[in-house]
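This report describes selected features of one protein structure. Please read it with the sequence and the model at hand.

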Amino acid sequence: MTITENPATTAAGYMGFVGVSTGSSSIMQVFPKWAQVLGLPTHHLVGHDLPMDATPEQYVAMVEQIRDDPNHRGALVTTHKMNVFAAASDLFDELDPFAVSCSEISSISKRGDRLIGRAKDPLTVDLALNDFLPADHFARTGAEVVILGAGGSGTALSWALAEREDAPARITVTARDDDKLDHLREVHRQHGTADGLISYVRTDTVDDAAAIVAAAPAGSLIVNATGLGKDRPGSPLPDDVVFPEGAWVWEFNYRGSLEFLHQARAQESDRRLHVIDGWRYFIHGWSQVVADVFELDLTPEIVERLADAAETARR
């Protein structure tokens, strides 16, 4: 485990960021600006870098460090949120219903001597979706959804879409791992998601995934929730994929090699695509966890102030 910054040990403390390559994230530039906007007691953000193949013992040690350090205010968890739950959920005094149902922890906070774990993704992914997709899109167009990836973010999006007033007629979630698909089925079974709404499809190759994307109706929402193009290079689709006419193509990542995003932009004009990167998802994801850690209430106006403050880090 690597800490990318050594914060001053002060009563104000610091917030943590659990990821793979935290030092290259825009939040390292953004957090001090947000601390000023929000009047936070600290502007220190430290990274806890763990490898993609981290052991359960590493996750336990990281959570214990956050729990036992009185200067550590809490943390956001990105890539490792499902593994943190699997390895260290018993270290938490409280877990919210989303964390238990989705088996993930994306927000670690403290209330006195109590350690709290929450899964913020179902909320943050819905906020980001509503930023660009018309409220009546699915009812008006008959479009469907293809979510490439059944990890934490893909699970959260499928959850949010199933709860949406304007829900799609069909959601297809793909993965190369049967265990992840089985886990997702169980999440939806426990949640009471309507039978037949979600299809769980194993795709062994990028061509398998491309066939599902190409068969989706015009105007469908196609999402890269695999993590490919961020911490690992690549795309879940081949370069010769054909996106549906007028599709909304959403890349969850905003930094990295972003192959999926480039594939969509190459067809943006010819296929009349609406191409969205992960920047607003980043804004909502971080702002919700910061609010959780520091016990703040966020209004839409405050979120827009935070988005404006972050814009210089995007350039």
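Arginine 272 is exposed because its relative accessible area is 53%; here exposed means over 50%, buried under 20% and partly exposed in between, with a 1.4 Å probe and protein chains only. The model is a predicted one, in which local features need pLDDT of at least 70 and side-chain atom pairs count only at pLDDT 80 or more, whereas totals for chains, interfaces and linings use all residues. Residues are numbered from 1 along each chain as its sequence is written, and side-chain values use heavy atoms, with hydrogens and water left out.

**Backbone angles**

Most residues other than glycine have a negative phi. Arginine 272, however, has a positive phi near 55 degrees. This arginine 272 belongs to the loop between helix 10 (259-266) and strand 13 (274-276). Helices (H or I, at least four residues) and strands (E, at least two) are DSSP runs, numbered from the N terminus. Serine 103, which is not a glycine, also shows a positive phi, of about 55 degrees. The loop that holds serine 103 runs between helix 4 (97-102) and strand 6 (107-111).

**Salt bridges**

How many salt bridges does a search of the whole structure find? The search finds 16, where a salt bridge is a side-chain nitrogen of Lys or Arg within 4 Å of a carboxyl oxygen of Asp or Glu. Three of these pairs are listed below.

| Salt bridge | N to O distance |
|---|---|
| Arginine 114 and glutamate 94 | 3.7 Å |
| Aspartate 166 and arginine 164 | 3.8 Å |
| Glutamate 186 and arginine 189 | 2.6 Å |

Arginine 114 counts as partly exposed because its relative accessibility is 36%, and glutamate 94 is partly exposed at 33%. By contrast, aspartate 166 and arginine 164 are both buried.

Glutamate 186 and arginine 189 are three residues apart in helix 8 (residues 178-191), so about one helical turn separates them. Within this pair, glutamate 186 is partly exposed at 31%, while arginine 189 is exposed at 57%. Elsewhere, a network of salt bridges links Arg111, Arg118, Asp292 and Glu295.

**Aromatic pairs**

A pair of aromatic rings is described by the distance of the centres and the angle of the planes. The structure holds 11 aromatic pairs. Rings of Phe, Tyr and Trp (its six-membered ring) pair if their centres lie within 6.5 Å; planes under 30 degrees apart count as stacked, over 60 as edge-to-face and the rest as tilted.

Phenylalanine 17 and tryptophan 286 form an edge-to-face pair, at 5.0 Å centre to centre and 85 degrees between the planes. Since phenylalanine 17 lies in strand 2 (residues 14-19) and tryptophan 286 in helix 11 (residues 279-294), the pair ties together parts that are 269 residues apart in sequence. Phenylalanine 17 is buried at 3% relative accessibility, and tryptophan 286 is buried with a relative accessible area of 3%.

The ring centres of phenylalanine 132 and tryptophan 250 are 4.9 Å apart and their planes lie at 75 degrees, so this pair is edge-to-face. Phenylalanine 132 is in helix 5 (residues 121-132) and tryptophan 250 in strand 12 (residues 248-251), so the pair ties together parts that are 118 residues apart in sequence. Both phenylalanine 132 and tryptophan 250 are buried. One aromatic cluster is formed by Phe132, Trp248, Trp250, Phe252 and Tyr281.
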